[in-house]
Every structure is written in structure tokens, then in C-alpha cells.
Amino acid sequence: MSFAFATPFASTRRVADYLAAVAVCWLTAAVALPLRDRLDLPDIVMLFLLAVFVVATLLGRGPAVVASFLSVALFDYYFDTPHHLLFLGDTEHVLTLAIMLAVGLVTAQLVSRAAAKADDAQARERETRQLYEVARDMAGARDGTEVLEAARHYLSDRGLSGNLVVADDDRLADRAEGHHVTGIASFPLRAGTKVRGVLAVTPLDDRIGLADTQHRAVEALASLAALALERIHYAEAAQRAELLVADERLRSAVLSSLSHDLRTPLTTLVGLADTLAEGRGTLPADAAETAGVIRDQAQAMHKLLSDLLYMARLKSNSAPLRREWQPFEDVVGSSLRLAENVGPDRHVIIDLAPDLPLIFFDAVLIERVLCNLLDNAFKYARPGARISLAARLASAYLEVSVCNDGSEFPAGRIESMFGLFVRGTNESSIPGGGLGLAICKAIVEAHGGSIWAENCVGGACVRFTLPRLTPPAVVSEDEP
Amino acid sequence: MNAQSPLTLVVEDEPQIRRFVCSALRDESCRASEAGSVAQGLDLAARERPDLVILDLGLPDRDGVDFIRELRVWSAVPVLVLSARADEPEKIAALDAGADDYLTKPFGIGELRARVRALLRRSQMQGDGDAGALHAFGDVEVDLARHIVRRAGAEVHLTPVEYNLLVQLLTNPGRVLTHHRLIDKVWGPASREKGHYLRVYVGRLRQKLEADPGRPRHILTETGVGYRFRLQP
């Protein structure tokens, strides 16, 4: 508050206070003079002390001190015998004068101390109210700008200007604390364990530094701002999460209606073309063959569609994995049934390590991986090549590999093969959308495993891993 | 078409799909009646007493699973479900409600005809009374009356749980049995969390009874749904 008294207005008020003190003394003298002969001297002393007391109460210590001295002088001059002599003549009332002065000064001191205390209490009360107001403003703030606005409002009441740097960065706080530009005080906004930003404060009048009391007030402000920023941060995070959920729900709804709407015409196409192709002699041979081609193309289109939908579901996390504990052999058997039934001369050599433990996986998705890998192995292999599927146990993983002999991966492309729409041989006549390996990668990674490709002696291999984890016990039944 | 040929009810809202399904049925010498909604389908099923129902799960008025539940109250007619969604929970719900088999769209005519044949054969078998105590598949013979299992003439020892599981499969040939259903029947309804037991025991049965356990020909896995026992590969 000290700066409040430094304004020109305040200093004129002070001069007026002193003049008023002088006036009160003269007034007292003027009132008492006509009664001089009828009153005892102690009564007049009391009148003057009353005047000093009134001045001290209303105008403060300085005017009261002036009034004390003036009262003593006026009393001595006008009322003490001999009249109209100042501190001359007999000294019989020296003690009276001395006591009068002393009482006046003590009164001035006491009253002004009480007044100072009252002022102090008022200042504290104002401070508390302002802090409460800024806390209320910040509690309602919706973003960093509104927090800054509330902080600035509070600071400008104190002759300070402030700026707010909002950042989720702990290093910022260290920099702020170690960084002292003259005239700028910086306060890290620490909420919980995280620093949400920095409040930089400058006095409007740069000749005045930051007083201790101001420092404490700004610290209080900084912690309020930090809390407000933290609240805003979490509110925003919650809102984002809610939006994300709504987004996922929409995406999932779009995907399932897309899947339904596209599958229905494809089902019709496959069914009708197949009816014609299997028409048992009702169509000429080449027309029946054409119908067969239409059917196969529609089937291929369906495969592509479901690959795309799988991919979209996996990428959007809208299809949770349905993992269960099961023997790996089971999914190998069902995958082989799907992969080998496609063509007549498709045969896979199986090499599963004996006594594989139960593995925790989504059978539908891993079947998809195995089918895609076997399909690829057949598609890119030379006729008559040996395709093999092997599984062996490592310390923390089950490692599965699908290999063919005879056709290696093109050098330099191995890394990029698992990207979307990447194919082994550009513009090749081999059908496929380049989605197969990308889906395998998405599925395996969703299981916490990894997938990679490599060329081994005379052939190409894709290997993937599934975490072993700790399978549940299977208690054998009591034999009768 | 004579009155003796089996009657199939096709409940499907897409007319073009109905068209080729019915044409395939006629090739199997079946009569077909068509319905485009659950309400119409239930009505026809009650009036015409079909020998087989082919049901699309995505019908406009109500859920296809509701159809199965209502039908099962008064009829044991075999139900073949067509599911547009490759969504295992939906298939499981339909099978648990009482459907016998499913086909995921799109499907080939050959596949459809094979399923129809298998289901009709089974409903005829049910009509002819019990199938008897003697069953045979591959080189395996099972005598349910005497609890004896033989493979290539030699007796095979099965534990009680293995035997119960085999009986469940054997008495529902061609039918998809969901994991839940098999666990309920073999371990009891309180053992739903024993999914891995079922899979381990199916593996043991294959080891004991299948010629090539890695490529089973009789005890087939319907991935994500359950198992199917196939009498003839």
C-alpha cells in the first residue's frame, strides 16, 4: 500500500491535515479565552488535551504532535500568568506544561498506533477480498486467456502488470526460477507435480521494486492461477476423451452399415453368378466359364472389402480383441482347412513343436493372419514349391513362421512390405490388394507380438510372435 | 414337384438373394416358400410346417434371433442362418437361440446345397426315430450302449470327460455346437470360465480319434464360434 501515499493528491491532503490541527488548537484557545477568569487552569489544560485527542483520532500522529506543541504554547501564552509571555516569568507551572506536552504526545502515539492497526486490518481485509474475487474469477475461467485476464485485473490493483506463459513443461519452471531480469519477477505455476506455466510480473512504475508483501500476494495469485490452469487442462482432456468416444461410436456405426450394405449386393452377385456357373448344362460352356469368372471376381472383391473393414476396425480400436486361452494347433487346423481348400494342389507342411502351451489370442484374427500368410506363400511361390508352417517356443514368445522355397522377397523391399497397399512386385499379375501383410501386422501388434519377413536359404519366410504369458491350469480328471 | 418333396421356408428381405437360394433349393428337389420379414416368416412357418428354415439375420422388422426363439417354442425344424456380418457374437447368439448351422455371406451355391442336404438328412433321421447306439466315422466305431470306442478294431481308452464330449459331438452330427453349449453339457452351466478345458479336451479327442490330428476331418473347429462334428468328410 505504500505507493498509495506517494500520489500528489495524498501529499496535499497531509498539508490540509496539519492546517486543520493548527485550526483546532486556535479554536480551542478562542473558546477558552472568554472563560479565562471563570475557569481553573486544570480545566483549560483538559480542554487543550481534548483538542489534541480529537486531532490524534481524526488526523493521525503528525498533526497530533503539532497540536500538542501548539496547545502547550497557546496555553502558556494566553492562560498562564503572566499572560502574553511565552515561557518567561515564573516557573510555577513548568511541571503542568511538561505533563501537558507529555500527555499530548503519548495520546498522539497511542491513537495513531490504533489507527495504523485498523488500517492494517482493513488492508488485509481488502487483500483477502481481492484474492477471493480473483479466485472466483479463475474458478469460472474457461481457458488460459481468461485466467490471464483475472490475474491482470488483480495485479493492476497493485500497480503491477503481468503476463502468463502457459506450457506443460517442467523445464520452463527451472528456467523461470533461475532467470532474473531486472524489474521482472517470474513465478512458476506449480499444480500437483506438474508446472502449468509461468507468471511474469513487472511493476507499472519500473522505479519501484516488488515489495515483500506484494511478493507474497503474487505467490498466492500464482498458485490460484496454477490450480485454474490444471482444472482447465483436465476439463479439456475429459472433453477430448468424450469427443473421441463419440467419434469411435460413429466410425463403428459407419463401418458396420458399410459392411452390411456392400456385402448384400456382393452376396447376390456371387450367388447368381455361381447359379449360372453351376447351371448343369443349361448354359454353353464358355458362358458358364464367364459366370464362374464373375463369381471369382466378386469373391475377390469381398475379400478386399473385408480386409479393408478389418483394417479400419483394428486401426480405430472399435473391435476389441476376443482373446481366449487355446491350443495353437486348433487355429492351425482351421486355417489349413481354409487355405488348402482353395486349390487342388495346395499342400502345407506342418511342423509344430510338441507340447505347445496354451496361448492367449483371438482365434478369428490369428486365423486371418495364418490364412493371409499361407495365401501369399502360395500366390508368390513357383508351382510345386514347398510351403511350410512351423511353430516353436522361445522364452517369452511363441514364434510362428510361414515359408516357401524358391521365391525370395525382392531385396530392399522387406522393410516396407508391411505398409498399406505395398506389394511384392509392382504391377504384377498376381491378384491382391497389398492389404494382407498390413492386416497381419496390425493383428499381431494388437496381440503384443511382432512380425517380420526374411529371406532364408532358397526361400522367403514371414515370422511372427505371440506372447506366452502364464496359461491357466488344466486339472486332469481323476481316473476311475 | 410333389407333396412328398421337402418344404423349405426362406426368410430373407433381399429378393435377389431369395431368388438364387430358391433356385438352389429347387435343384435339391425342394419346394420353397418365401418370406421377407420376421412376422411373415413366423406366420408361414406356423401354417405350412416346413422341413427346413433358411433365415437371414438382418431382417427389416425384427432381429432374426427373435425369430429363432419364437420358432423354437413350438418347433424343432432345422434352421440355417445366413449372416451378412462376419460377426461371431451374432452367430453365437443365433446358434444358442436354437439355430443349427450358419453360412456367412457371400456363400457359394455348392456350400449352400451341402448344408441344406445335411440338415434335411438330419431332420429325416429325427423323424425316423433314434439313430441307434452304434455310430461309425472314419475308422472309429462307437457303441453308446456299452460305452466302447474302437479305432481300427482296437479299443481306445477315453476318460469320462472325453467320452461325454464325444457323445455330445456324435449325437449332433453336422450341427455347429457353440463353446457355451458344449461346456454346459459336459462340465455343467457353472463352468463357463472353463473355455480352455473344452479346447484342451477337443485336442485330446483329436489325438485319439483323428487320423491326422493337425488336419482334423471329423471334429472341426468353427473359429470363434464352436465345433462341428462331421460324420463323412
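Because the model is predicted, local features need pLDDT of at least 70 and side-chain atom pairs count only at pLDDT 80 or more, whereas totals for chains, interfaces and linings use all residues. Residues are numbered from 1 along each chain as its sequence is written, chains are lettered from A and ligands numbered from 1 in the order in which they are written, and side-chain values use heavy atoms, with hydrogens and water left out.

**Confidence**

- The model scores ipTM 0.87 and pTM 0.65.

**Chain A overall**

- The secondary structure of chain A comes to 11 helices and 10 strands, both being DSSP runs numbered from the N terminus (helices H or I, at least four residues; strands E, at least two).
- Of the 480 residues of chain A, 39% count as buried, where buried means under 20% relative accessible area, exposed over 50% and partly exposed in between (1.4 Å probe, protein chains only).
- Among the contacts (heavy atoms within 4.5 Å) in chain A with a separation of 6 or more, 67% join residues 24 or more positions apart.
- Chain A exposes about 26800 Å², of which carbon and sulfur atoms supply 60%; accessible areas come from the Shrake-Rupley method with a 1.4 Å probe, and for residues only the protein chains shown count as cover.

**Around A:Leu35**

- A:Leu35 lies in the loop between helix 1 (8-32) and helix 2 (41-59) of chain A, and it counts as partly exposed because its relative accessibility is 31%.

**Helix 1 of chain B**

- Helix 1 (residues 15-27) of chain B has 13 residues and reaches 18 Å from its first C-alpha to its last, close to the 18 Å expected at 1.5 Å a residue, the expected span being 1.5 Å times one less than the number of residues.
- Buried residues in this helix include B:Ile17, B:Phe20, B:Val21 and B:Ala24, together with B:Arg18.
- Just after helix 1 of chain B, B:Ser29 takes a positive phi of about 50°.

**Around B:Leu169**

- B:Leu169 is placed in helix 6 (residues 160-170) of chain B, and it counts as buried because its relative accessibility is 1%.
- Leaving aside neighbours within four places in sequence, B:Leu169 is in contact with B:Leu177, B:Leu205, B:Ile219, B:Tyr227 and B:Phe229.
- The C-alpha atoms of B:Leu169 and B:Tyr227, which are 58 residues apart along the chain, are separated by 8.2 Å.
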